[in-house]
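The following paragraphs guide the reader through selected features of a model.

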Amino acid sequence: MANTAQLLRRQSSRDIVLKSQKSIDQLELRELRGRLVPKEHGVSHHHHTSLHLHQPLYGATNQGFMSDAFDESSELEQDPPPFGSEASTSKAKAELVANAAAADQQQDIVEGEKEGEERESWDSKIMFLLATIGYAVGLGNVWRFPYLAQKNGGGAFLVPYFIMLCIQGIPIFYLELAIGQRLRKGAIGVWSQVSPYLGGIGISSAVVSYIVALYYNTIIAWCLIYLLHSFESPLPWADCPTRLYSNYTYDHEPECVASSPTQFYWYRTTLQCSESVDLPENFNYHMAIALIVSWFLVYICMVQGITSSGKIVYMTAIFPYVVLIIFFFRGITLKGAADGVAHLFTPRWETLLDPVVWLEAGTQIFFSLGLAFGGLIAFSSYNPANNNCYRDAILVSLTNCGTSMFAGVVVFSVIGFKATATFDRCTEERNGLISQNKTTNLPVCDLQTELANSASGTGLAFIIFTEAINQFPGAQLWAVLFFLMLFTLGIDSQFGTLEGVVTSLVDMKLFPNLPKEYIVGALCFSCCLISMCFANGAGSYIFQLMDSFAGNFPLLIIALFECLSISYIYGVRRFSDDIEMMTGSRPNFYWMFCWKYLSPCAMVTILLASFYQLLTEGSSYPAWIAAKGSTESMEWPHWCIVIAFFLILSSILWIPIVAILRLCGIKVVEDSDPAWFPEAELKEVHGIVPHEPTELERSIFCFNMDGTEGMCCPKYGLPEKSLEEEE
């Protein structure tokens, strides 16, 4: 059965009207059924071996199927006739080749039949898994999760973290993989096929993916700058630079002395920060060059589609784990590493009563998995029709969370080393002052305070971690490894984000005569031009503005509409039937309950709590004050608030706009025929029979015996006939 299932892996997005191609597919599947051996008869060893020798490539299209399956006629002649077949496999081969040749002659006649319309596919299962893991595992796992765990109760934070993973993260991850694999299109095509009024969900995903990719690549540019300077000896952020005064004397930069070498290098050398978002000051040429190079690298990696970027993920997805393992063994040997790890995971159970802790746990789960961007839907649309998307969802989600915890151990072992070194210096200075009989203005030395002074995001990566690396022997090597790891973590997440945009544009056929590589080039070029707004003194503040508003609220709203669309429009019952048809097993009660009730409630709660927190506490940004050598919290000016609302509304307004225009008879997203899908053959292979809902399913999910599905509550009345009675 496993060998037979390989032959169903069809990766075509051609329309169902292409009857010539569909006839070839039917011949293939007829030949497949000829080879299919019923379970009760068993399979001889010789026949199993001959089938195994010529399995098609993972996700191969028909052309690849034919070349792999029929390049040697000897195998066909040696195979015994299948049970119940009147024709030999040699005759099946001749029919298939003849019909394929006839179909090739008819390709010019069939409207829309073009060579380039064949959908791409993954070369192997491991390539898909690595691409999905690389997309889900990103910079947030390394520089946000450790900070949130330390801030929100240490080990106690894992309780809300895993609860949110189970009721929100994995169910939506599973949903996106399954719907993309079933409907074989990008986000726009998928939601338009679910309902013509829901095409705005796909457009919203594409818009927010474009905006997030726009500023996310800025992080990659920062990593490139630090990676380039990591080869210098000594490291440029190891010591304060000197200043030449008018009297021809040298002294350390006062601003650097007031802060620290790593802070000064980050804020003043790399970012060239101004003191306010209202003061962009000078153009940062170094940053502009780094942005151009980073966008060029993204274009080079994506220009050949998933066939090219899929191979690149072998390096970009595996290398970060290699570096994390190296840093793990280096970190646990450092003095103070145990204190750092203990500080991270020591539970403070009282924090579980704080609703903000649950809010941040749910938000972190949501964004760390990369939900609602459209990238997961695009990736899964290139999978075979019978791929086990349930197993993939569990594997990738648990890998993502395991990576977060492992990265937390690595980061806090190094932070523990840095905090211990600072504590030892403070203690030595204090003891020196006491030995001089000084009892006033003594420094206060507290190890736990030093451990708690960890930062989130860019501060953790470019300030605290670099300060710890400065104290390593061979600091240059560790700096190169660290920033190369951050670069690979960022760029493979960038692939998935942009792939959601590109696949949606291709499926919409906005530019039907434009090759895909031109679309990728246009996207990267437009992003590169707009990203020049980050190459000035206020660029880092604009980055924080976009990160705070464009990458959180829209994604939550989009994922909420995705869940509601599947649960109340497409139908949980129909969706479960599709998953059973593809994987051979039906989703259990828990997943259906999450999709219809639990996950939407969790997302609505997070949204309302986030808006409440924003209205009551406001939003601010840390501005660098050069005179003090430190940052101060400043409120966003009015024009920034306007931009924030524009970023949010430009993403989510597509959902109601497309629906309203559709009601008025205006099509924003053109209707397209469903992609080819071997529904009948999959049901035959897996032995699928109509599912009769249980009493629990009827009462909870409003399933009716006639196959319909109620919206809110079950219908009570005359007893309905069962499926067996109707037959």
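In this predicted model, the torsion about the S-S bond of C240 and C256 is about -80°, so this disulfide is left-handed. C240 belongs to the loop between helix 12 (199–229) and strand 1 (242–244), whereas C256 belongs to helix 13 (residues 254–258), so the bond ties together parts that are 16 residues apart in sequence. The two sulfur atoms are 2.0 Å apart, and because a pair of cysteine sulfur atoms within 2.5 Å is taken as a disulfide, the pair qualifies. As for exposure, a residue counts as buried under 20% relative accessible area. C240, at 16% relative accessibility, is therefore buried. C256 is buried as well, with a relative accessible area of 1%.

The structure holds 2 disulfides. C426 is found in helix 20 (residues 389–435) and C445 in the loop between helix 20 and helix 21 (447–452), so the pair ties together parts that are 19 residues apart in sequence. With a relative accessible area of 14%, C426 is buried. C445, at 23% relative accessibility, counts as partly exposed. When the bonded cysteines are counted along the chain, the disulfides of the protein follow the pattern 1-2, 3-4.

Two further cysteines deserve attention. C401 is buried, at 1% relative accessibility. C389 also counts as buried, with a relative accessible area of 1%.

The account now turns to helix packing. Two packed helices are described by the angle between their axes and the distance between the axes. The axes of helix 28 (residues 638–652) and helix 29 (residues 654–663) come within 5 Å and cross at roughly 40°. Helix 28 is therefore oblique to helix 29. Helix 28 contributes S650, S651 and I652 to the contact, while helix 29 contributes W654, I655 and P656. By class, the contact of helix 28 with helix 29 comprises 4 nonpolar and 2 polar residues, with no charged residues.

How values were computed: Residues numbered from 1 in each chain as written. Predicted model: local features only at pLDDT ≥ 70, side-chain atom pairs only at ≥ 80, totals over all residues. Heavy atoms only, no water. Helix = DSSP H or I, 4+ residues; strand = E, 2+ residues; numbered from the N terminus. Buried < 20%, exposed > 50% of the residue type's maximum accessible area, 1.4 Å probe, protein only. Axes fitted to C-alpha atoms, helices over the stretch in contact; angles between N-to-C directions. Parallel < 35°, antiparallel > 145°, perpendicular 65-115°, else oblique. Contact = heavy atoms within 4.5 Å. Nonpolar A, V, L, I, M, F, W, Y, C, P; charged D, E, K, R; others polar.
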